[in-house]
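Subject: Structure handover and findings

Dear colleague,

Please find below the structure that I am passing to you.

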Amino acid sequence: MEILYSDASIAVCVKPVGLDSERELPATLAATLGGEAFPVHRLDKNVGGVMVLARTRAAAAAFGEILRRGAMQKEYVALVHGTPPESGDWEDWLYKDVGRNKVYVVKRQRAGVKKARLEYRRLRSGESSLVRIRLHTGRSHQIRVQFASRGYPLVGDHKYGSRDAAPAPMLFSCRIAFPWQGEERAFTCLPAWAEP
């Protein structure tokens with residue numbers, strides 16, 4: 001596991017695909033760096049990318065406040081089937097069926113439905129297109145379902161309509177930025193499939 005930054009309060013790493021972000025990743029990080037590690041946000045197990053973890057309970061509490069204020073920016077890259085418009089700003093109502101662990105776009109707000117917003121721009125196009133996404137909300141499976149609902153399922157995302165042979169969704173958390181100790185911190189990493 002690649003560690004991009006660490007100090008006494010936080011660690012920023014690149015979570016590998018297949019590692020659970022709430023239990024396995026903190027345990028791996030704690031074994032590598034010593035001490036404790038607390039997840040302050042999450043990525044699906046089958047998604048990799050840049051994550052920040054707190055190394056103290058006080059830092060975890062501080063990140064809770066950063067997240068509540070919406071002060072953490074998260075960007076992703078994804079490989080999607082087809083060619084979406086050059087850019088977009090999408091808002092949808094999402095409903096999560098917990099029993100099936102699947103999310104659906106619905107037409108109106110009701111119990112259990114949450115608003116989801118993302119912006120994206122297309123970087124490459126073709127049979128599959130590379131897009132860069134900025135999340136404004138962090139809903140479960142948000143990127144996956146918002147693209148699939150418009151006919152652009154992520155390559156490898158068999159849960160949301162992809163029929164290719166890729167073993168996991170081609171989605172990667174490529175950049176996080178957040179205020180920390182009086183300055184703005186930003187960390188970036190791209191997977192090989194998204195490099196220019």
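This is a predicted model: local features need pLDDT of at least 70, side-chain atom pairs count only at pLDDT 80 or more; totals for chains, interfaces and linings use all residues.

Residues are numbered from 1 along each chain as its sequence is written, and side-chain values use heavy atoms, with hydrogens and water left out.

Pockets

A pocket is an open set of points on a 1 Å grid over the protein atoms alone, where a 1.4 Å probe fits, with protein on both sides within 12 Å along at least five of seven lines; lining residues have an atom within 4 Å of a point. Grid points are joined across faces, edges and corners, and a volume is the space filled by probe spheres set on the points.

The largest pocket holds about 460 Å³ of space. Its lining comprises 21 residues, and those nearest its centre are Gly138, Arg139, Ser140, His141 and Gln142. At least two lining residues come from each of strand S5 (73–81), strand S6 (87–97) and helix H3 (142–148); helices (H or I, at least four residues) and strands (E, at least two) are DSSP runs, numbered from the N terminus. By class, this lining has nine nonpolar, five polar and seven charged residues. Here Ala, Val, Leu, Ile, Met, Phe, Trp, Tyr, Cys and Pro count as nonpolar, Asp, Glu, Lys and Arg as charged, and the others, Gly among them, as polar.

The second largest pocket has a volume of about 330 Å³. It is lined by 13 residues, with Met72, Lys74, His136, Thr137 and Gly138 closest to its centre. S5 and strand S9 (128–135) each contribute at least two residues to this lining, which divides into five nonpolar, six polar and two charged residues.

Within H1, the residues Leu25, Pro26, Leu29 and Ala30 are buried (under 20% relative accessible area, with exposed over 50% and partly exposed in between; 1.4 Å probe, protein chains only). These four lie on the same side of H1, because they cover an arc of only 130 degrees around the axis, the arc being that of the directions from the helix axis to the C-beta atoms. Ala31 and Thr32, on the other side of H1, are exposed. The cover over the buried residues of H1 includes strand S1 (2–6), S2, strand S3 (38–39) and strand S4 (48–54).

Ser21 sits in the loop between strand S2 (10–15) and helix H1 (24–33). Ser21 counts as buried, at 1% relative accessibility. A polar atom of its side chain lies 3.0 Å from the backbone oxygen of Leu43.

Thr83 belongs to the loop between S5 and S6 and is partly exposed, at a relative accessible area of 39%. Its side chain comes to 3.2 Å from the backbone oxygen of Gly126. Leaving out residues up to four places away in sequence, Thr83 touches Arg122, Ser125, Gly126, Ser129 and Tyr152, where contact means heavy atoms within 4.5 Å.

Trp93 is part of strand S6 and counts as partly exposed, at 23% relative accessibility. Residues up to four places away in sequence aside, its contacts include Tyr104, Val106 and Arg108.

Yours sincerely

Technical notes:
A polar contact is a pair of N or O atoms within 3.5 Å; within protein, one must be able to donate a hydrogen and the other to accept it, and residues adjacent in sequence count only if both atoms are side-chain atoms.
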